[in-house]
Amino acid sequence: MMEDISFGKWLRQRRRMMDLSQQALADQATCARITLSRIEADTLKPSKELAGILLEKLGIPEPERSQWIRFARGLAGYPSETNITSKESKYDHPSGTVTLLFTDIEGSTKLAREHPDTWENLLANHHAVLQKAIESNNGYVFQIIGDAFFASFHKAGDALEAALTAQQSLQNEDWEDVTVCVRMGIHTGEAELQDNGQYHGYRSLSLVQRIMSAGHGGQVLISGATENLLRGELPDGVELLDMGRHNLKDSPQAVRMFQMVAPNLQKDFPSLRTINMFPNNLPVQLTSFVGREKELAEVGSLLQNNHMLTLIGPGGTGKTRLSIQVGCNVFNQFPDGVWLVEFAPILDPLLVPHTTASALGLRDDPQRPVIDMLCDYLPQKKMLIILDNCEHLVDACAQTADRIMHVSQDVPILASSREALGIAGEIPYSVPSLGLPDIDHLPSMESLSEFEAIKLFIHRATSAVPSFTVTNENAPALAQICHRLDGIPLAIELAAAKIQVLSVEQIARRLDDRIKLLTGGSRTVLERHQTLRGAVDWSYNLLHPEEQILFRRFSVFIGGWMLETAESVCGDESTSSVLGSKDVLDLFEQLIHKSLVTKEEKHGESRFHILETIRQYAREKLVEAGEEENIRTRHLAYFVKLAEQAEPELYRSNQLRWLNRLDDEIDNFRMALEWALTTNIEAGLRIAAIPWRFWQRGCLGELGESLAQFLDRHNTVDSLHVQALLVYSYCNFYQGNFSETLKIAGKALQMARTLSDKQMEAFSLSVLGLFTLMIESAAGVPLLEQGLAIYCAFGNKMGQAETLYWLSINNKDMESTIDLSTESLSLYRELGNLSGIASSLTVLARLTIWMGRDFSSPGPWLEEALSISRQLGEQGRGAEILVAFGHLSLWQGNYRRAIAHFEEAILLSEKIGEHYQNLWGHVHRAHAVLRQGDIHQARRLFDDNIRITQKAGSMLAIINTVEGVASLNANQNQPERAARLFAWTDDTELTRLSAEGCTMAVEQATTLALQQ
């Protein structure tokens, strides 16, 4: 029932009925798309101002908006006077094949403005007439938008009778001094009634909307589909006048339409408002135009204020289709027509003026140059000229366009090309890829189809296989397809066509060879648009040989690159070679102009990209040219050098700049590691092990897998091997492989001592000591102290700061560990090491909390640490800080907030695969739940934690959990069991039970803890 509909659902239905995407409505309402998405999901109520704007854009008349604003704000139910659901069950209403009747008042906005005092009464009378006419003829009014009615019928004859009755009643109505004329459209098609009383069936709903919009006030237009059903069943005196076939906006085929003619009703009207009434030579589009609302609006606006606009972009981005759609949208602005000049089949530059004149209908005059004929013809005209596919005739097109612009102020030019023409007055407009969802955070099924790329795939797939539907199962694969195809319309259309033989999931799996997969486009389109390879071949073959060399060498980069990177990797070192490094910059500019390379500003520097789909093609060309081995080897060498250059900067004051730089190159490092695995193991180890402070920020799982492969192949005993082992032990620790962690770190220490490498020995001692301390006990302290002594002897302040920080984790002697943490913090601040500062602040806060004396200082320390960690992108550190915040809340007695902090830490650590903080988040959450008094929940959590900590092999975590179970036993009046468990966790107890408890093994203690 409509009374039960929420504002969010109503907003979504109304927007779709008006053929608006979320982005288009958000742009009109000047709000963010995410805001609109949240309103439609009913997770956000709009402000009064935003609600008013949305209602205005959706056609709710101003006098009615106050009650609608209350509805939007959740202060009232669905406005009763617009409650259009009948009392019958929805199952009595038409569904499946239905006849639709859409109506609206011609010039309603002008009427409302000119007659503000009487408009509300006029509208009420209009509503009453329409409602009665429709319902008396077995119709179902399923929606009203302002003055527009939307109704459905089981029978076409009933819809026609309703339209006839309504027009007759409207004509007989006393409108006083106002003329109210209503246009109507009728069409029969497929539309399924939904539970909310609305219809799903875009093609039928949009077509009847277009049919109605083509008419004039007082006119009833009927589609050919409906006319077929009405033959022999027309009311007495009623005829259907054949209006011929007409091209309607977004309709893939011309639609045959008829006009209802009846006694005492107006018969003669102006020409229908269809594409046919405007002079043009635009081709009929056989598929619907999907999305691009933002681009259509921007291009249309730019055309009004500029002489020439050039749509630029790589092949397959939809430049031609966009230019034709823009032409359709602006017909009424150009009384002398919209004319398309197609240059794709033209190879001779001398034919450009002739082709242009021919498209405009001009005949050759042997006595005069064609360009002069054009210049004489155009000054008195007001028309739009579309120059399509100019990239292979750039100079000739530029000269022709320049002459036209100089002779006519009212003949703008819309060109499409893979590069700008480069003439005065030209505005280049880069056509972007279609909108894509965040592949890592997919929206709901309903919201997913709002993204342009997804919507295009669905449209084309259902054209190929009408039964195709998007499901929860195939939605992730569909999003992956569109994402991996970079939102390129041609690639998406070719992929959607494969739905005839492959499932969505199968298509997604085959995209590693997308150039080969994406073939089989329509045989009637240009040959280069029949396959993805053909589209990119066209661009590649237009490049100069030097440009082709650089273009295919760019395929070695993934995720972008910087200019100096390209000069180092792609430029030839020999000055006599085809491509010297000094030429790279000039060629770079040409590839940008030709839409094959894009530029972005990031962290204050220019960074360059190539679409992955185009990169795959370029890589094929690199292999064909026999250059892959040389270029990938140079790529590897460059990123080894970058890793070594970055390492000392990762603990200094410019740490953030270097972390950002390495973040930008993460995919290139992965590419280099892949090549190193088969060609240069040492180089791979250098990339993986030397900048370890970079990798530890969230890539340790991935790094661990790479190091395992490299270490398995590296047989040399050297300092690099030692460092790689230590980094590998880090990876294992944060993955929760604690026993392996200690073995690997111990092996590294033995190797360092064999090499007599004191710096590596210090590093090994510190790492082994740290993990021993964190996994087992205070036995790690002597190891850390030995490492610290070596660092002090060498004056290595970074090593000292790091080891002091690790020593401060041993909290048996709180006072001394606070001193260690303070000293570590001082050294980190001296070095400007932000990551270290955050680490020491976190430990200092945690120790201060555990001392139980000062709960005011830890908060600001943790806030500073969290701010630094977020700035550096250290999510693992962020999880540790959240655990510390949980401790602070726990000691302050705010158990609910403590639980929230621990749970947030658990979620974050699960997201990044950081097992250590995840483990402690679980352990401490159980304690907080017990403190809160939820005994049953605490029991369940402690039981889970016993198993988790045993599996992890962390003795400290096991002891902490058993202590929690002991507290729970004491709370449940089980003193003997509690005493035995406490005794096991604390070897200072001297009672008999304590002595008995201390003799228990870990397995016995955990078994006792698990007993109910």
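1. Is serine 595 buried or exposed? In this predicted model, serine 595 is buried, because its relative accessible area of 10% falls under the 20% that marks the limit for a buried residue. Serine 595 sits in the loop that runs between helix H25 (581-593) and strand E14 (598-602), and its phi is near 65 degrees, which is a positive value in a residue other than glycine.

2. Serine 756, however, is exposed, with a relative accessible area of 57%.

3. The largest nonpolar core has 126 residues, and those with the most contacts inside it are Phe551, Phe554, Trp561, Ile687, Trp695 and Leu707. Helix H35 (residues 758-775) gives the most to this core, contributing eleven residues. Apart from this core lies another, of 38 residues, including Leu123, Trp175, Val178 and Ile222.

4. In helix H24 (residues 563-570), the residues Thr565, Ala566, Val569 and Cys570 are buried. These four lie on the same side of H24, because they cover an arc of only 95 degrees around the axis. As background, an α-helix has 3.6 residues a turn, so residues three or four places apart point the same way.

Conventions: Residues are numbered from 1 along each chain as its sequence is written. This is a predicted model: local features need pLDDT of at least 70, side-chain atom pairs count only at pLDDT 80 or more; totals for chains, interfaces and linings use all residues. Side-chain values use heavy atoms; hydrogens and water are left out. Buried means under 20% relative accessible area, exposed over 50%, partly exposed in between (1.4 Å probe, protein chains only). Helices (H or I, at least four residues) and strands (E, at least two) are DSSP runs, numbered from the N terminus. The arc is that of the directions from the helix axis to the C-beta atoms. A nonpolar core is a set of buried Ala, Val, Leu, Ile, Met, Phe, Trp, Tyr and Cys residues joined through side-chain atoms within 4.5 Å.
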